[in-house]
Amino acid sequence: MFTEIRDITAFNKQEILALHIADNQQHFIESTDQCLAEAELDQRFTPLGLYKDNIAIGFAMYGLFPHEDHSQRVWLDRYLIDERYQQQGLGKHFLQQLIQYLAVKFNCRQIYLSVYENNAVAIQLYKQFGFMFNGELDDKGEKVMVLEVYGHDNH
C-alpha cells in the first residue's frame with residue numbers, strides 16, 4: 001500500500017471536495033468545502049490531502065496557533081477518512097503519519113486537537129495514540145486532547 005500526504009493545489013482540489021463522511025458523522029466535522037474556505041480566509045490553516053495508491057481517501061488540516069500563555073500550539077484541526085475507505089485501518093495509518101509529519105515539521109513537544117465528547121469512535125482512536133484530555137474546551141465547546149510527542153524529534 002502506497003500512501004502519502006499531499007498539499008492541496010488547483011490540480012487536486014476537486015478530488016478533495018469529493019470526499020464525504022457518513023451521514024451519522026456530519027455533525028462532528030465540517031465538510032472539506034467549508035474547511036478549504038476557512039483555510040483561504042485564515043492563512044494559519046494548512047489543508048492536506050491523504051492519498052492511498054494515488055487516490056484521495058482523506059483530508060486533514062493543521063495549524064500553528066498562539067495560546068493565551070504566549071506559547072504556540074500545533075493543532076491537528078480537522079481529520080477525516082472518506083466513508084468509502086473507513087473500516088480499513090486507514091484512520092490509524094494516517095493518524096500515525098500525521099503525528100510524525102507534524103512532529104518533524106514543527107519539532108514540537110505537543111500536538112493538540114479537539115473533539116466532541118459524544119464522538120466515541122474518534123476519541124477511542126486518539127486515545128490509542130496517546131492523546132489525553134487536558135480539561136480545556138475550545139471555542140466551539142469541544143474537548144481538547146493533547147499528545148505528548150516523545151522520541152519523534154529524530155525521525
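Reader: What makes Glu142 count as buried?

Author: Keep in mind that we're looking at a predicted model. Glu142 has a relative accessibility of 7%, and buried means under 20%, so Glu142 counts as buried.

Reader: And why is the contact of Glu142 with Lys140 called a salt bridge?

Author: The closest N and O atoms of Glu142 and Lys140 are 4.0 Å apart. The cut-off is a Lys or Arg side-chain nitrogen within 4 Å of a carboxyl oxygen of Asp or Glu, so the pair counts as a salt bridge.

Reader: Is Lys140 buried, partly exposed or exposed, and how do you know?

Author: Partly exposed: Lys140 has a relative accessible area of 40%. Buried would need under 20% and exposed over 50%, so Lys140 falls in between.

Reader: Which other residue does the side chain of Lys140 meet in a salt bridge at 3.2 Å?

Author: That would be Glu30, with 3.2 Å from N to O. Glu30 sits in the loop between helix 1 and helix 2, and Lys140 in the loop between strand 6 (132-137) and strand 7 (143-148), so this pair ties together parts that are 110 residues apart in sequence.

Reader: What does Glu30 do with Arg78?

Author: Their side chains meet in a salt bridge too, again with 3.2 Å from N to O. Arg78 belongs to strand 4 (residues 72-81), so here the tied parts are 48 residues apart in sequence.

Reader: How do you know whether Glu30 and Arg78 are buried or partly exposed?

Author: Set the values against the 20% cut-off for buried. Arg78, at 3% relative accessibility, is buried, whereas Glu30, at 22%, is partly exposed.

Reader: What makes Glu30, Arg78, Lys140 and Glu142 part of one network?

Author: Shared partners: salt bridges join these residues, along with Glu38 and Asp77, into one network. The whole structure has 11 salt bridges.

Methods: Residues numbered from 1 in each chain as written. Predicted model: local features only at pLDDT ≥ 70, side-chain atom pairs only at ≥ 80, totals over all residues. Heavy atoms only, no water. Helix = DSSP H or I, 4+ residues; strand = E, 2+ residues; numbered from the N terminus. Buried < 20%, exposed > 50% of the residue type's maximum accessible area, 1.4 Å probe, protein only.
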